[in-house]
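Here are my notes on the two-chain model you sent over.

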Amino acid sequence: MSGFGEMKKEFKVFLITDYEEEGEYLSRMHRRGWKFVNVTLPGIYFFEKCTPEDVVYQLDYNEEGLNHKEEYIQMFQDCGWEYLMEYVGYTYFRKPRAEMKGDEKIFCDDESRLEMLRRVFQARMFPILIIMFCLIIPQFIGLMDEQRGDRWILLILYSVLLALYTYICAKFGVHYWNLKNRLKS
Amino acid sequence: MDAHIRKVYVPMTETGFYILLCLREEMHGYGIVQKVEQLTDGDIILSPGTMYGSLSKMEKDGLICFVREEEKRKIYHITELGQEVLDLETKRIERLYRNVKEVLG
């Protein structure tokens, strides 16, 4: 068929807390007739032209699963989820809505959603916090006292980094508390 | 049973409860998904991410144990500790049920 086999690239930035948004983005693309093929650093998504279809995309973060990859992927395949790939610790799965009974996701309760957030936090946020407290903040404070001519460039760079890290931390916090509160109510 | 187990598993999630209930017989993860679907007339479809996470956590905490692998699927069975937790939880649910009956007539 003409048009099929056509490829398309899109650059898109998703923070480590935005795994749900990323899945929704891939689903949206598939509904428009662009099937997800690959993603590479620093966030270039590759799509192949296809028949538009309602397909649910989901990302899991499970290091233990990746260490036992065969049985991990088997479990998802048994439940009808196609394994796609891994990218920076996340595993990508998809399942056509037509094959679902109701509204299916790879997690069926908030406890396990919270567990996944914890896994992401431990593996990815914790190192960021260490870098922030041990490197960036001391450097930043040190630079304030220095009289070097290039210090403004560095100060701006560090400010941007600090702002970004703070933003990611805040997003993490909001996500975490929302799930926690939903569990309590 | 130590305080940690009690704190984490009592009361437990519906997924956790069904896993323990099913694993009185040897079974793999997808087997549990199918069994629960059948037990609940299709109302509860356990998801693979939730299943995988719960099974590895319960194995680590000693509530279930790995028996063998069959065609890339890990087969588990409940342990004595798991049975204790299941009994506790069953008693709690029975009381809940009795109380609902009493209050609502």
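1. Helices here are DSSP runs of H or I with at least four residues, strands are E runs of at least two, and both are numbered from the N terminus. Chain B has five helices and three strands, in the order α-α-β-α-α-β-β-α from its N terminus.

2. Some housekeeping before you read on. This is a predicted model, in which local features need pLDDT of at least 70 and side-chain atom pairs count only at pLDDT 80 or more, while totals for chains, interfaces and linings use all residues. Residues are numbered from 1 along each chain as its sequence is written, and chains are lettered from A and ligands numbered from 1 in the order in which they are written.

3. Now the overall dimensions. Chain A has a radius of gyration of 20 Å, whereas a compact globule of 185 residues would come out near 16 Å; the radius is taken over C-alpha atoms, and the globule rule is 2.2 Å times the number of residues to the power 0.38. Its C-alpha atoms fill a box of roughly 65 × 45 × 30 Å along the principal axes. For chain B, the C-alpha trace spans about 50 × 35 × 20 Å along its principal axes.

4. Chain A splits into domain 1 (7-99) and domain 2 (110-184), with bounds that come from an automatic or database domain assignment. The centres of the two domains, taken over C-alpha atoms, are separated by 26 Å. How many residues of each domain are in contact with the other? Eight from domain 1 of chain A meet nine from domain 2 of chain A, where contact means C-beta atoms, placed from the backbone, within 7 Å.

5. Have a look at the sheet in chain A. Three strands make an open, antiparallel sheet in the order E4-E6-E5; two strands count as paired if DSSP finds at least two bridges between them. Strand E4 (55-61) and strand E5 (82-87) of chain A are the edge strands, each pairing on one side only. From one strand to the next, the twist averages 25°.

6. E4(A) and E6(A) are joined by seven bridges, and E5(A) is joined to strand E6 (residues 90-96) of chain A by five. Tyr92(A) is the bridge partner of Leu59(A) and also of Met85(A). Phe93(A) is the bridge partner of Tyr83(A). The hairpin of E5(A) and E6(A) has two residues between the strands, and Val88(A) there takes a positive phi near 40°.

7. Is E6(A) enclosed or open? Five of its seven residues are buried, so E6(A) is largely enclosed by the rest of the structure. Buried means 20 or more other C-beta atoms within 10 Å of the residue's own, with C-beta atoms placed from the backbone; 12 or fewer is exposed, and in between is partly exposed. Helix H1 (residues 19-31) of chain A lies across E4 and E6 of chain A, at about 155° to E4(A). Such axes are lines fitted to C-alpha atoms, for helices over the stretch in contact, and angles run from 0 to 180 degrees between N-to-C directions.

8. In chain B, the open sheet has the order E1-E3-E2, again with antiparallel pairing. Strand E1 (27-28) and strand E2 (64-70) of chain B each have a single partner strand, so one side of each is left without a neighbour in the sheet. Six bridges link E2(B) and E3(B), with Glu69(B) opposite Lys74(B).

9. On to the interface: 20 residues of chain B are in contact with 23 residues of chain A. On the chain B side, helix H3 (29-39), helix H4 (48-60) and strand E3 (73-78) give two or more residues each. H4(B) gives the most, with eight.

10. Last, the largest nonpolar core, which has 49 residues. A nonpolar core is a set of buried Ala, Val, Leu, Ile, Met, Phe, Trp, Tyr and Cys residues joined through C-beta atoms within 7 Å. E4(A) supplies the largest share, five residues, and each domain of chain A contributes at least three. Ile19(B) is among the residues with the most contacts inside the core.

Technical notes. Two residues are in contact if their C-beta atoms, placed from the backbone, lie within 7 Å.
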